[in-house]
Amino acid sequence: MKVALVTETYPPEVNGVAMTLSRLTGGLVAQGHAVEVVRPRQKDEVDGAVAEPLDGAGNRGMAQWLVPGAPIPFYKTLRMGLPVQGALVKRWRETQPDVVHVATEGPLGLAALNAAKKLGLPVTSSYHTNFHQYGGHYGLRFGRDLALLYMRWFHNQASCTLAPTDEMCAQLAGEGFERLRTLARGVDGKLFSPGKRSEELRASWGVGPDDPVVIYVGRIAAEKNLGQAVEAFLAMQAVEPRAKFVLVGDGPEKAGLAAKHPEFHYAGMRRGEELAAHYASADVFVFASTTETFGNVVTEALASGLVVVAYDYAATRQHVRDGVNGFAAVFGDKPALVAKARGVMRRREEWAAIRGAARATALTITWDAIIETFERELRAAIEARAAAGRAAVEVTAVSR
(Lines give C-alpha, C1' and ligand atoms only; values in the text may rest on other atoms or scores of the structure.)
Protein backbone atom coordinates (compact mmCIF):
# COMPACT_ATOMS: atom_id res chain seq x y z
CA MET A 1 0.00 0.00 0.00
CA LYS A 2 0.89 3.65 -0.46
CA VAL A 3 -0.31 5.33 2.72
CA ALA A 4 -0.53 9.04 3.47
CA LEU A 5 -0.72 9.61 7.23
CA VAL A 6 -1.70 13.13 8.23
CA THR A 7 -1.08 14.33 11.76
CA GLU A 8 -0.53 17.52 13.70
CA THR A 9 1.87 15.74 16.07
CA TYR A 10 4.74 13.37 15.34
CA PRO A 11 8.36 12.99 16.48
CA PRO A 12 10.40 15.05 17.26
CA GLU A 13 7.43 16.06 19.43
CA VAL A 14 7.20 13.97 22.59
CA ASN A 15 3.71 12.77 23.58
CA GLY A 16 1.67 9.61 23.49
CA VAL A 17 0.01 10.33 20.15
CA ALA A 18 3.33 11.06 18.42
CA MET A 19 4.84 7.88 19.84
CA THR A 20 1.85 5.77 18.80
CA LEU A 21 1.86 7.09 15.23
CA SER A 22 5.61 6.53 14.97
CA ARG A 23 5.11 2.89 15.97
CA LEU A 24 2.26 2.39 13.52
CA THR A 25 4.04 3.95 10.57
CA GLY A 26 7.24 2.08 11.41
CA GLY A 27 5.31 -1.15 11.50
CA LEU A 28 3.79 -0.50 8.07
CA VAL A 29 7.21 0.28 6.60
CA ALA A 30 8.60 -2.93 8.11
CA GLN A 31 5.84 -4.82 6.28
CA GLY A 32 6.94 -3.30 2.96
CA HIS A 33 4.36 -0.52 2.63
CA ALA A 34 5.23 3.01 1.48
CA VAL A 35 4.28 5.67 4.02
CA GLU A 36 4.41 9.44 3.73
CA VAL A 37 3.75 11.38 6.92
CA VAL A 38 2.27 14.85 6.40
CA ARG A 39 2.86 17.02 9.47
CA PRO A 40 3.54 20.65 10.48
CA ARG A 41 7.14 21.71 10.46
CA GLN A 42 8.73 22.32 13.82
CA LYS A 43 11.00 25.17 14.83
CA ASP A 44 14.17 25.29 12.71
CA GLU A 45 12.63 22.97 10.08
CA VAL A 46 11.70 24.12 6.58
CA ASP A 47 8.63 23.30 4.52
CA GLY A 48 8.92 20.47 2.04
CA ALA A 49 9.77 16.79 1.84
CA VAL A 50 12.34 15.21 4.13
CA ALA A 51 13.61 11.72 4.85
CA GLU A 52 13.06 10.54 8.39
CA PRO A 53 16.20 9.51 10.29
CA LEU A 54 16.42 6.39 12.40
CA ASP A 55 13.95 6.85 15.25
CA GLY A 56 12.91 4.98 18.35
CA ALA A 57 10.81 2.54 16.33
CA GLY A 58 13.79 1.57 14.16
CA ASN A 59 12.60 3.18 10.93
CA ARG A 60 14.81 4.47 8.14
CA GLY A 61 13.90 6.46 5.07
CA MET A 62 10.23 7.08 5.78
CA ALA A 63 9.03 9.97 3.63
CA GLN A 64 7.75 13.07 5.35
CA TRP A 65 6.21 16.18 3.89
CA LEU A 66 6.39 19.20 6.15
CA VAL A 67 3.73 21.89 5.84
CA PRO A 68 3.39 25.33 7.49
CA GLY A 69 2.23 25.35 11.09
CA ALA A 70 1.35 27.67 13.96
CA PRO A 71 1.45 27.34 17.77
CA ILE A 72 -1.62 25.78 19.39
CA PRO A 73 -3.48 28.16 21.74
CA PHE A 74 -2.69 27.30 25.40
CA TYR A 75 0.14 25.04 24.13
CA LYS A 76 2.85 27.21 22.66
CA THR A 77 5.27 24.26 22.59
CA LEU A 78 2.97 22.31 20.23
CA ARG A 79 2.01 23.26 16.69
CA MET A 80 -0.99 22.71 14.45
CA GLY A 81 -0.83 22.49 10.69
CA LEU A 82 -2.41 25.17 8.54
CA PRO A 83 -5.34 24.33 6.20
CA VAL A 84 -3.27 23.57 3.08
CA GLN A 85 -6.03 21.79 1.17
CA GLY A 86 -4.94 23.05 -2.25
CA ALA A 87 -1.36 21.90 -1.71
CA LEU A 88 -2.56 18.45 -0.61
CA VAL A 89 -4.81 18.10 -3.67
CA LYS A 90 -1.89 18.99 -5.94
CA ARG A 91 0.50 16.61 -4.21
CA TRP A 92 -1.90 13.67 -4.10
CA ARG A 93 -2.80 14.15 -7.75
CA GLU A 94 0.89 13.80 -8.60
CA THR A 95 1.69 10.93 -6.22
CA GLN A 96 -1.66 9.38 -5.41
CA PRO A 97 -1.81 7.35 -2.17
CA ASP A 98 -4.00 4.26 -1.92
CA VAL A 99 -5.45 5.47 1.38
CA VAL A 100 -5.30 8.57 3.58
CA HIS A 101 -5.24 8.12 7.34
CA VAL A 102 -6.07 11.27 9.28
CA ALA A 103 -4.88 11.09 12.88
CA THR A 104 -5.77 14.55 14.19
CA GLU A 105 -8.77 16.83 13.78
CA GLY A 106 -7.04 20.21 13.50
CA PRO A 107 -6.83 22.50 10.45
CA LEU A 108 -4.37 20.18 8.71
CA GLY A 109 -6.52 17.13 9.39
CA LEU A 110 -9.60 18.91 8.06
CA ALA A 111 -7.70 19.98 4.93
CA ALA A 112 -6.61 16.37 4.38
CA LEU A 113 -10.15 15.09 4.81
CA ASN A 114 -11.49 17.56 2.25
CA ALA A 115 -8.62 16.96 -0.19
CA ALA A 116 -9.12 13.19 -0.05
CA LYS A 117 -12.87 13.58 -0.64
CA LYS A 118 -12.21 15.86 -3.61
CA LEU A 119 -9.90 13.26 -5.15
CA GLY A 120 -12.10 10.27 -4.29
CA LEU A 121 -9.48 8.69 -2.03
CA PRO A 122 -10.47 6.35 0.81
CA VAL A 123 -10.06 7.91 4.26
CA THR A 124 -9.66 6.36 7.69
CA SER A 125 -9.25 8.25 10.96
CA SER A 126 -8.13 7.62 14.51
CA TYR A 127 -9.35 9.10 17.77
CA HIS A 128 -6.49 9.98 20.10
CA THR A 129 -7.47 12.96 22.26
CA ASN A 130 -10.59 14.03 24.16
CA PHE A 131 -10.22 17.67 23.16
CA HIS A 132 -13.86 18.38 24.09
CA GLN A 133 -12.99 17.49 27.72
CA TYR A 134 -9.99 19.85 27.87
CA GLY A 135 -12.07 23.02 27.84
CA GLY A 136 -13.11 22.72 31.46
CA HIS A 137 -9.48 22.78 32.54
CA TYR A 138 -8.92 26.08 30.71
CA GLY A 139 -12.10 27.90 31.69
CA LEU A 140 -13.87 27.07 28.40
CA ARG A 141 -16.65 24.75 29.51
CA PHE A 142 -19.10 26.35 27.09
CA GLY A 143 -17.09 24.92 24.18
CA ARG A 144 -17.54 21.25 25.09
CA ASP A 145 -20.71 20.61 23.09
CA LEU A 146 -19.43 22.54 20.09
CA ALA A 147 -16.14 20.62 20.11
CA LEU A 148 -17.96 17.29 20.39
CA LEU A 149 -20.27 18.24 17.52
CA TYR A 150 -17.25 19.00 15.32
CA MET A 151 -15.37 15.84 16.32
CA ARG A 152 -18.40 13.67 15.56
CA TRP A 153 -18.95 15.35 12.17
CA PHE A 154 -15.26 15.02 11.33
CA HIS A 155 -14.84 11.34 12.15
CA ASN A 156 -18.17 10.24 10.69
CA GLN A 157 -16.88 11.22 7.24
CA ALA A 158 -14.20 8.51 7.41
CA SER A 159 -14.76 4.90 6.41
CA CYS A 160 -13.83 3.95 9.97
CA THR A 161 -12.53 5.57 13.15
CA LEU A 162 -9.98 3.70 15.23
CA ALA A 163 -10.13 4.20 19.01
CA PRO A 164 -7.75 2.63 21.55
CA THR A 165 -10.17 0.61 23.73
CA ASP A 166 -13.56 -1.10 23.54
CA GLU A 167 -14.61 1.21 26.37
CA MET A 168 -13.75 4.30 24.31
CA CYS A 169 -15.58 2.89 21.27
CA ALA A 170 -18.69 2.39 23.40
CA GLN A 171 -18.49 5.94 24.76
CA LEU A 172 -18.07 7.42 21.30
CA ALA A 173 -20.91 5.31 19.91
CA GLY A 174 -23.11 6.75 22.65
CA GLU A 175 -22.19 10.23 21.38
CA GLY A 176 -23.22 9.37 17.81
CA PHE A 177 -19.85 8.37 16.32
CA GLU A 178 -20.16 5.72 13.60
CA ARG A 179 -18.07 2.88 12.11
CA LEU A 180 -15.84 2.55 15.17
CA ARG A 181 -13.08 -0.04 15.45
CA THR A 182 -10.72 -0.82 18.31
CA LEU A 183 -7.01 -0.33 17.67
CA ALA A 184 -5.20 -1.02 20.93
CA ARG A 185 -1.81 0.29 22.03
CA GLY A 186 1.37 -1.66 22.63
CA VAL A 187 4.42 -1.00 24.76
CA ASP A 188 8.12 -1.51 24.09
CA GLY A 189 9.14 -3.99 26.78
CA LYS A 190 12.77 -3.87 25.69
CA LEU A 191 13.08 -0.12 26.09
CA PHE A 192 10.94 0.17 29.22
CA SER A 193 12.36 -2.35 31.64
CA PRO A 194 13.24 -2.70 35.33
CA GLY A 195 16.77 -3.43 34.15
CA LYS A 196 17.20 0.26 33.32
CA ARG A 197 17.17 1.19 37.03
CA SER A 198 20.09 3.45 37.94
CA GLU A 199 21.28 4.04 41.48
CA GLU A 200 23.41 6.88 40.14
CA LEU A 201 20.31 8.59 38.77
CA ARG A 202 18.48 8.05 42.04
CA ALA A 203 21.38 9.58 43.93
CA SER A 204 21.14 12.66 41.69
CA TRP A 205 17.56 13.03 42.92
CA GLY A 206 18.85 13.11 46.49
CA VAL A 207 17.41 9.76 47.59
CA GLY A 208 19.01 6.75 49.19
CA PRO A 209 18.76 3.11 48.04
CA ASP A 210 15.71 2.40 50.22
CA ASP A 211 13.95 5.75 49.87
CA PRO A 212 10.69 5.43 47.88
CA VAL A 213 10.45 7.50 44.70
CA VAL A 214 7.06 8.44 43.26
CA ILE A 215 7.12 9.52 39.62
CA TYR A 216 4.81 11.31 37.21
CA VAL A 217 5.48 11.28 33.46
CA GLY A 218 3.56 13.47 31.03
CA ARG A 219 2.68 17.03 30.16
CA ILE A 220 2.70 19.37 33.12
CA ALA A 221 -0.62 20.89 32.16
CA ALA A 222 -4.04 21.59 33.64
CA GLU A 223 -5.87 18.71 31.94
CA LYS A 224 -3.54 16.17 33.58
CA ASN A 225 -5.02 16.86 37.04
CA LEU A 226 -1.58 17.37 38.54
CA GLY A 227 -3.09 18.94 41.65
CA GLN A 228 -4.63 15.57 42.48
CA ALA A 229 -1.37 13.76 41.77
CA VAL A 230 0.36 16.13 44.18
CA GLU A 231 -2.28 15.46 46.85
CA ALA A 232 -1.80 11.72 46.37
CA PHE A 233 1.96 12.08 46.77
CA LEU A 234 1.66 14.24 49.89
CA ALA A 235 -0.58 11.56 51.44
CA MET A 236 2.15 9.02 50.70
CA GLN A 237 4.81 11.29 52.12
CA ALA A 238 2.79 11.63 55.31
CA VAL A 239 3.23 7.87 55.73
CA GLU A 240 6.89 7.83 54.63
CA PRO A 241 8.62 11.23 55.01
CA ARG A 242 11.61 10.06 52.95
CA ALA A 243 9.44 9.74 49.83
CA LYS A 244 10.49 11.89 46.85
CA PHE A 245 8.32 13.14 43.97
CA VAL A 246 9.93 13.24 40.51
CA LEU A 247 8.12 14.83 37.56
CA VAL A 248 9.24 14.08 34.01
CA GLY A 249 7.88 16.38 31.31
CA ASP A 250 7.23 20.01 30.56
CA GLY A 251 4.24 22.25 30.07
CA PRO A 252 2.46 25.48 30.96
CA GLU A 253 1.91 24.57 34.64
CA LYS A 254 5.53 23.73 35.41
CA ALA A 255 6.64 27.16 36.59
CA GLY A 256 3.70 27.57 38.95
CA LEU A 257 4.09 24.07 40.36
CA ALA A 258 7.83 24.54 40.88
CA ALA A 259 7.22 27.81 42.73
CA LYS A 260 4.72 26.11 45.03
CA HIS A 261 6.71 22.89 45.51
CA PRO A 262 10.42 23.55 45.00
CA GLU A 263 11.18 20.37 46.96
CA PHE A 264 9.98 18.19 44.07
CA HIS A 265 12.49 17.12 41.42
CA TYR A 266 11.66 18.43 37.91
CA ALA A 267 13.49 16.29 35.36
CA GLY A 268 12.22 18.08 32.25
CA MET A 269 11.55 16.36 28.95
CA ARG A 270 13.22 12.96 28.53
CA ARG A 271 13.29 10.60 25.57
CA GLY A 272 14.38 7.08 24.76
CA GLU A 273 16.89 5.49 27.11
CA GLU A 274 16.86 8.49 29.44
CA LEU A 275 13.11 8.26 29.83
CA ALA A 276 13.32 4.51 30.41
CA ALA A 277 15.94 5.03 33.12
CA HIS A 278 13.76 7.61 34.88
CA TYR A 279 10.80 5.25 34.94
CA ALA A 280 12.81 2.27 36.16
CA SER A 281 14.64 4.26 38.83
CA ALA A 282 11.36 5.14 40.55
CA ASP A 283 9.10 2.86 42.59
CA VAL A 284 5.53 4.15 42.26
CA PHE A 285 3.80 5.81 39.30
CA VAL A 286 0.93 8.17 40.13
CA PHE A 287 -1.39 9.34 37.33
CA ALA A 288 -4.48 11.42 38.09
CA SER A 289 -5.55 12.44 34.57
CA THR A 290 -9.21 11.87 33.67
CA THR A 291 -9.06 12.98 30.02
CA GLU A 292 -7.03 10.16 28.41
CA THR A 293 -8.24 8.12 25.49
CA PHE A 294 -5.66 5.50 26.49
CA GLY A 295 -2.66 6.68 28.52
CA ASN A 296 0.54 5.17 27.10
CA VAL A 297 2.42 6.25 30.21
CA VAL A 298 0.48 3.67 32.24
CA THR A 299 1.71 0.75 30.14
CA GLU A 300 5.23 2.21 30.07
CA ALA A 301 5.15 2.30 33.88
CA LEU A 302 3.91 -1.29 34.01
CA ALA A 303 6.70 -2.38 31.68
CA SER A 304 9.20 -0.59 33.91
CA GLY A 305 8.01 -2.61 36.88
CA LEU A 306 6.43 0.24 38.83
CA VAL A 307 3.52 0.17 41.26
CA VAL A 308 0.84 2.06 39.30
CA VAL A 309 -1.79 4.19 41.04
CA ALA A 310 -4.35 5.66 38.63
CA TYR A 311 -8.04 6.08 37.91
CA ASP A 312 -9.92 3.00 36.72
CA TYR A 313 -10.48 3.76 33.03
CA ALA A 314 -8.63 3.64 29.66
CA ALA A 315 -5.29 1.79 29.90
CA THR A 316 -5.68 1.27 33.64
CA ARG A 317 -9.04 -0.48 33.28
CA GLN A 318 -7.70 -2.55 30.41
CA HIS A 319 -4.50 -3.73 32.05
CA VAL A 320 -4.44 -3.10 35.82
CA ARG A 321 -5.97 -5.57 38.30
CA ASP A 322 -6.43 -3.72 41.56
CA GLY A 323 -4.10 -4.99 44.27
CA VAL A 324 -2.48 -7.54 41.93
CA ASN A 325 -0.35 -5.62 39.40
CA GLY A 326 -1.25 -2.08 40.43
CA PHE A 327 -3.98 -0.01 42.05
CA ALA A 328 -7.07 1.51 40.41
CA ALA A 329 -9.30 4.12 42.04
CA VAL A 330 -12.93 4.80 41.13
CA PHE A 331 -12.89 7.10 38.12
CA GLY A 332 -12.87 10.78 39.08
CA ASP A 333 -13.07 10.08 42.85
CA LYS A 334 -10.20 12.16 44.26
CA PRO A 335 -10.53 10.91 47.87
CA ALA A 336 -10.41 7.34 46.53
CA LEU A 337 -7.22 8.07 44.56
CA VAL A 338 -5.59 9.69 47.58
CA ALA A 339 -6.64 6.75 49.79
CA LYS A 340 -5.19 4.27 47.28
CA ALA A 341 -1.91 6.16 47.23
CA ARG A 342 -1.74 6.29 51.02
CA GLY A 343 -2.49 2.57 51.19
CA VAL A 344 0.26 1.79 48.69
CA MET A 345 2.87 3.39 50.92
CA ARG A 346 1.65 1.29 53.85
CA ARG A 347 2.01 -1.92 51.82
CA ARG A 348 5.65 -1.69 50.82
CA GLU A 349 6.22 -5.36 51.68
CA GLU A 350 3.95 -6.22 48.72
CA TRP A 351 5.72 -4.03 46.18
CA ALA A 352 8.07 -6.72 44.84
CA ALA A 353 5.18 -9.02 43.92
CA ILE A 354 3.11 -6.21 42.43
CA ARG A 355 6.03 -4.90 40.39
CA GLY A 356 6.74 -8.37 39.06
CA ALA A 357 3.10 -8.80 38.06
CA ALA A 358 3.12 -5.38 36.38
CA ARG A 359 6.11 -6.34 34.28
CA ALA A 360 4.56 -9.68 33.33
CA THR A 361 1.38 -7.91 32.18
CA ALA A 362 3.33 -5.47 30.02
CA LEU A 363 5.19 -8.27 28.25
CA THR A 364 1.87 -9.48 26.82
CA ILE A 365 1.13 -6.07 25.24
CA THR A 366 3.10 -6.16 21.98
CA TRP A 367 2.88 -3.92 18.93
CA ASP A 368 2.91 -6.69 16.30
CA ALA A 369 -0.76 -7.62 16.50
CA ILE A 370 -1.78 -3.97 16.71
CA ILE A 371 0.11 -3.07 13.54
CA GLU A 372 -1.51 -6.05 11.81
CA THR A 373 -4.95 -4.72 12.79
CA PHE A 374 -4.07 -1.25 11.49
CA GLU A 375 -2.90 -2.73 8.20
CA ARG A 376 -6.12 -4.73 7.89
CA GLU A 377 -8.32 -1.66 8.46
CA LEU A 378 -6.44 0.33 5.83
CA ARG A 379 -6.83 -2.49 3.31
CA ALA A 380 -10.54 -2.75 4.09
CA ALA A 381 -10.99 0.96 3.37
CA ILE A 382 -9.21 0.61 0.03
CA GLU A 383 -11.30 -2.42 -0.93
CA ALA A 384 -14.56 -0.74 0.12
CA ARG A 385 -13.81 2.31 -2.03
CA ALA A 386 -12.91 0.09 -4.98
CA ALA A 387 -16.14 -1.89 -4.56
CA ALA A 388 -18.16 1.34 -4.43
CA GLY A 389 -16.45 2.49 -7.62
CA ARG A 390 -17.30 -0.76 -9.41
CA ALA A 391 -20.90 -0.54 -8.26
CA ALA A 392 -21.18 3.01 -9.56
CA VAL A 393 -19.85 1.93 -12.96
CA GLU A 394 -22.36 -0.93 -13.12
CA VAL A 395 -25.25 1.41 -12.23
CA THR A 396 -24.15 3.85 -14.95
CA ALA A 397 -23.91 1.04 -17.50
CA VAL A 398 -27.40 -0.23 -16.65
CA SER A 399 -28.93 3.24 -16.83
CA ARG A 400 -27.56 3.66 -20.32
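## Two terms to start with

A nonpolar core is a set of buried Ala, Val, Leu, Ile, Met, Phe, Trp, Tyr and Cys residues joined through side-chain atoms within 4.5 Å. Buried means under 20% relative accessible area, with exposed over 50% and partly exposed in between (1.4 Å probe, protein chains only).

This is a predicted model, in which local features need pLDDT of at least 70 and side-chain atom pairs count only at pLDDT 80 or more, while totals for chains, interfaces and linings use all residues. Residues are numbered from 1 along each chain as its sequence is written, and side-chain values use heavy atoms, leaving out hydrogens and water.

## The cores

Let's begin with the largest nonpolar core, which has 65 residues; Leu247, Tyr279, Val284 and Phe285 have the most contacts inside it. Helix H8 gives the largest share of this core, 6 residues. Apart from this core lies another, of 22 residues, with Tyr10, Leu21, Leu24 and Ala103 among them. In soluble globular proteins, nonpolar side chains tend to be buried together.

Leucine 247 deserves a look of its own. Beyond its neighbours within four places in sequence, its contacts (heavy atoms within 4.5 Å) include Tyr216, Ile220, Leu226, Leu257 and Phe264.

Helices (H or I, at least four residues) and strands (E, at least two) are DSSP runs, numbered from the N terminus.

Two strands pair if DSSP finds at least two bridges between them. S11 pairs with strand S12 (residues 244-248) in the parallel sense over 5 bridges, and tyrosine 216 stands opposite leucine 247 there. Between S11 and S12 the chain passes through helix H8 (residues 226-239) in a right-handed β-α-β crossover (with the strands pointing away from the viewer, the path from the first strand over the helix to the second runs clockwise). S11 also runs parallel to strand S14 (residues 284-287), joined by 2 bridges, and valine 214 has valine 284 as its bridge partner in S14.

## Helix H1

Helix H1 (residues 16-30) is largely enclosed by the rest of the structure, because 11 of its 15 residues are buried. Among them are Val17, Leu21, Arg23 and Leu28. The end C-alpha atoms of H1 are 21 Å apart, in agreement with the 21 Å its 15 residues should span at 1.5 Å a residue (the expected span is 1.5 Å times one less than the number of residues).

At the start of H1, a side-chain oxygen of asparagine 15 comes to within 3.1 Å of the backbone nitrogen of valine 17. Following H1 is glycine 32, with a positive phi near 95°.

Note on methods. Polar contact = N/O pair within 3.5 Å; in protein donor to acceptor, adjacent residues only side chain to side chain.
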